[in-house]
Amino acid sequence: ICKLLIIASGLMLSLPALPQAQNQRLRPVQVSFVPYFGTNGFKTDSFVNVVSINILAGSVYDVRAVELGSLVNIVRHESRGVQVAGLVNEARTAKGLQVAGLVNQAGGGNAGQVAGLVNHAQDSAGFQLSGLVNHAPQVETFQIAGLVNNSNQTKTLQVAGLVNQTSGETGIQVSGLVNHAGYVKYLQLGVVNIADSAAGVPIGVFNFIKGGYHQLELSANEMFYANVAYRSGIRQLHTIVTAGIDFTNLTFPLWTYGSGLGTTIPISRKAAIDMDVLFQNVIKGGYVHNNYLYKFDLGINWQILPARSVYIGISYNFLTTDLRQPHYADYYSDIAPYTLQHRTILNNNLSEWVGFKAALRFF
């Protein structure tokens with residue numbers, strides 16, 4: 001306490017003249033055990049404190065430099081500098097830093113917030129770092145949470161274990177599951193990425209940019225004669241979800257489903273080069289096992305109508321089939337249309353060939 005008194009005295013001498021509201025007086029240090037039981041007594045609203053120390057919990061009007069509490073800190077007007085609590089910090093306005101074992105709550109003031117569980121700001125925050133959830137309408141720098149980040153705008157970065165949500169602009173979003181933003185400036189990285197518009201790149205299993213790139217594709221290739229795919233994201237990098245079937249034997253069909261990434265490179269007003277990489281599971285009838293098809297497609301997409309285009313291209317195919325599955329000899333030994341190379345590695349049959357793809361696209 002002696003050291004804090006010395007620090008507080010120095011801070012007090014270095015502070016410029018501060019306007020006093022409601023005849024409040026400046027005190028270097030207040031110490032309380034619980035609210036209203038301390039050096040400020042029941043007149044705690046009459047004092048502006050440079051340093052506030054709460055043995056268990058405290059409720060003060062104003063703190064100008066440091067507040068420390070083993071359990072709970074409550075500042076009913078403004079907290080400047082650093083506010084540290086074992087459990088909860090609450091301030092009508094926080095400017096500086098709030099650190100709490102459980103929860104930080106601020107009405108506004110652009111404070112940085114670090115909490116074990118939840119950070120909440122009703123107006124704005126400088127940054128937010130929590131174990132579970134961050135919320136603020138406006139975040140000046142970043143939000144990092146174990147589960148969820150929510151804001152109207154986070155200017156630079158959101159990182160969450162599950163979900164990032166901002167209705168306005170953000171720079172980068174990284175999540176374990178879902179990202180949503182009004183506008184993405186640089187990058188979205190997650191399983192599902194959703195945005196109204198984007199200058200940056202979404203990378204995930206499924207991307208949906210409302211004002212971006214959307215195509216429904218019907219196609220045929222040498223292995224599956226009927227395929228449907230949905231391409232969504234931005235032109236430079238979009239996700240593809242697909243399914244297909246070989247309908248020559250509908251009683252015991254060969255079919256597939258999978259996903260991938262694609263890019264479109266315009267070469268004229270109507271023509272573009274398309275490159276796709278796909279990973280697909282291959283199934284014969286109802287027998288599901290470890291049989292995978294890897295495809296690289298390269299071709300030309302030509303717009304024939306305002307919302308129609310045709311695609312023609314070639315593909316490199318790499319098929320792996322598990323030799324240990326019970327029905328390999330009956331159903332999977334000859335599903336490759338032909339092979340350029342055929343070998344066996346670690347109980348898997350590997351087949352490679354070059355094929356084709358023809359498609360009609362709607363957008």
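Helices (H or I, at least four residues) and strands (E, at least two) are DSSP runs here, numbered from the N terminus. This is a predicted model, where local features need pLDDT of at least 70, side-chain atom pairs count only at pLDDT 80 or more, and totals for chains, interfaces and linings use all residues. Residues are numbered from 1 along each chain as its sequence is written, and side-chain values use heavy atoms, leaving out hydrogens and water.

Asn 347 sits in the loop between strand 27 (341–345) and strand 28 (348–362), and its phi is positive, about 65°, although it is not a glycine. Tyr 36 also has a positive phi, about 75°, and lies in the loop between strand 1 (25–34) and strand 2 (37–38). For background, most residues other than glycine have a negative phi. Asn 347 counts as partly exposed because its relative accessibility is 41%; on this scale, buried means under 20% relative accessible area, exposed over 50%, and partly exposed in between (1.4 Å probe, protein chains only).

On confidence, the chain averages a pLDDT of 89, with 93% of the residues at 70 or above; pLDDT is the predictor's confidence in each residue, from 0 to 100. Among the elements, helix 1 (residues 2–14) has the lowest mean, 38, while strand 13 (residues 142–145) has the highest, 97. Take residues 1–22 with care: pLDDT stays under 50 there.

Now the packing. The largest nonpolar core has twelve residues, including Met 223, Phe 224, Tyr 328 and Trp 353; such a core is a set of buried Ala, Val, Leu, Ile, Met, Phe, Trp, Tyr and Cys residues joined through side-chain atoms within 4.5 Å. Strand 24 (271–284) and helix 2 (328–332) each give two or more residues to this core. A second, separate core of seven residues includes Val 63 and Val 75.

What about charges? A search of the whole structure finds 14 salt bridges, each a side-chain nitrogen of Lys or Arg within 4 Å of a carboxyl oxygen of Asp or Glu. Here are three of them:

| Pair | N to O distance |
|---|---|
| Glu 78 and Arg 80 | 2.5 Å |
| Glu 217 and Arg 361 | 2.7 Å |
| Asp 274 and Arg 231 | 3.6 Å |

Asp 274 in strand 24 and Arg 231 in strand 21 (residues 226–233) are 43 residues apart, and both are buried. Shared partners join Glu 217, Arg 231, Asp 274, Asp 276, Asp 297, Lys 357 and Arg 361 into one salt-bridge network. Glu 217 and Arg 361 are both buried too.

Terms used: Contact means heavy atoms within 4.5 Å.
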